[in-house]
Amino acid sequence: MASSALNHYRSPWTRTIDIGTGRRSVLDWWHGPDRIYRAGRAVHDHLGGAPASCAYAFTLFVTWWTLRGVSDVAGHRLILSASTNLHNMRREPVQVLVASAFWTDGGFPWVIIIGFLTVMAFAERWLGTLRWIMVFVCGHVGASMIVVTGIAFAVHHHLIPLHIVVASDVGSSYGSTAVLAALAYHLRGTQRALWAAVLLGWFGFAAWHGRTFTDYGHLTALLLGFAVGAVAVALSRRLERARDQRADETTAVPPRREVPTTAPPVFADEDPPERSAGGRSEPTLH
């Protein structure tokens, strides 16, 4: 069973695209006939191939609607109870890590929802739902844990105000940032380096200028996304090399061995037996 699975192994981590080629393909597709019908069909296929991103966007809409239907005081308490601050992480870390990703603080999160229905859905279609969830969880949980550890260290050494312990920190930005970093491995060559440089410049400048624990969390999630992608690409290439080697060994035809044929010995002083009409050998009488 394991060898059969290896023979059919195809990893999305090693499938790369070229932006220029993709742009030309989109333009050629757009100039074709029945563009309105095909555009609707493409949107349907795009969202249908990203169930986790669509479900996440819908959940964010539901939680925003919940906050909209309660008072400001009750909404603030809901946000604080789901925040990954130091106070909550010491009491209920697992519950807080899960709940914090599905709440947003502020107005209607239309930018986040559109981002999930476009960029995150594209990443999910590339990686597959399970891999996309794993990258997202690594960014969200990993960055939250590292930030909380840094806050605990800073509070213990009196480097930051004490009220940071109960500050609100909710949202999906850590996980989304890790997915954005992983998307770099879907590009090729210079385009990959440019994408990574833009992300590092953007989040690095935000951390240097803002210097809030959220800014540092975004930068941490970005580095985690790069690390997860690098490990996944390396493992995928190793598995594909093993698959190709196994396929070569299976399809190789062994050389045919020549079996020597030996004729029966013929003695010079003996006369060959005479054959009768029926084909039998008969002894010759002398």
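Helices (H or I, at least four residues) and strands (E, at least two) are DSSP runs, numbered from the N terminus. By that assignment the protein chain has twelve helices and two strands, and from the N terminus on the elements run α-α-α-α-α-α-α-α-α-α-α-α-β-β. This is a predicted model: local features need pLDDT of at least 70, side-chain atom pairs count only at pLDDT 80 or more, and totals for chains, interfaces and linings use all residues. Residues are numbered from 1 along each chain as its sequence is written, and side-chain values use heavy atoms, with hydrogens and water left out.

**Chain totals**

- Buried residues (under 20% relative accessible area; exposed is over 50% and partly exposed is in between; 1.4 Å probe, protein chains only) make up 32% of the 286 residues in the protein chain.
- Contact means heavy atoms within 4.5 Å; among contacts between residues at least 6 apart in sequence, 77% join residues at least 24 apart.

**Helix 2**

- Helix 2 covers residues 19-30, twelve residues in total, and reaches 16 Å from its first C-alpha to its last.
- That span is close to the 16 Å expected at 1.5 Å a residue, where the expected value is 1.5 Å times one less than the number of residues.
- The N-terminal end of helix 2 is capped by Asp-18, which places a side-chain oxygen 3.2 Å from the backbone nitrogen of Gly-20.

**Aromatic pairs**

- Rings of Phe, Tyr and Trp (its six-membered ring) pair if their centres lie within 6.5 Å; planes under 30 degrees apart count as stacked, over 60 as edge-to-face and the rest as tilted.
- The structure holds 13 aromatic pairs.
- One of them joins Phe-61 and Trp-64 in a tilted arrangement, 6.0 Å centre to centre with 35 degrees between the planes.
- Phe-61 and Trp-64 are three residues apart in helix 4 (residues 51-68), so about one helical turn separates them.
- Phe-61 is partly exposed, at a relative accessible area of 32%, whereas Trp-64 counts as buried at 15%.
- Trp-132 and Phe-136 form a stacked pair, 5.5 Å centre to centre and with 25 degrees between the planes.
- Because Trp-132 and Phe-136 are four residues apart in helix 9 (residues 129-156), they are separated by about one helical turn.
- Both Trp-132 and Phe-136 are buried.
- Trp-132 and Phe-136 also belong to one aromatic cluster with Tyr-56, Phe-102 and Phe-116.

**Charged side chains**

- A charge sits over a ring if NZ of Lys or CZ of Arg is within 6 Å of the ring centre and within 35 degrees of the ring normal.
- The charged end of Arg-68 sits over the ring of Trp-65, 5.2 Å from its centre.
- A search of the whole structure finds one salt bridge (a side-chain nitrogen of Lys or Arg within 4 Å of a carboxyl oxygen of Asp or Glu).
- The salt bridge joins the side chains of Arg-41 and Asp-45, at 4.0 Å from N to O.
- Arg-41 and Asp-45 both lie in helix 3 (residues 35-48), four residues apart, about one turn of the helix.
- Arg-41 is partly exposed at 46% relative accessible area, and Asp-45 counts as partly exposed at 35%.

**Arg-131**

- Arg-131 is found in helix 9 and counts as partly exposed at 32% relative accessibility.
- Leaving aside neighbours within four places in sequence, Arg-131 is in contact with Pro-12 and Trp-13.
- Arg-131 and Pro-12 are 119 residues apart along the chain, and their C-alpha atoms are separated by 9.5 Å.

Conventions: A polar contact is a pair of N or O atoms within 3.5 Å; within protein, one must be able to donate a hydrogen and the other to accept it, and residues adjacent in sequence count only if both atoms are side-chain atoms.
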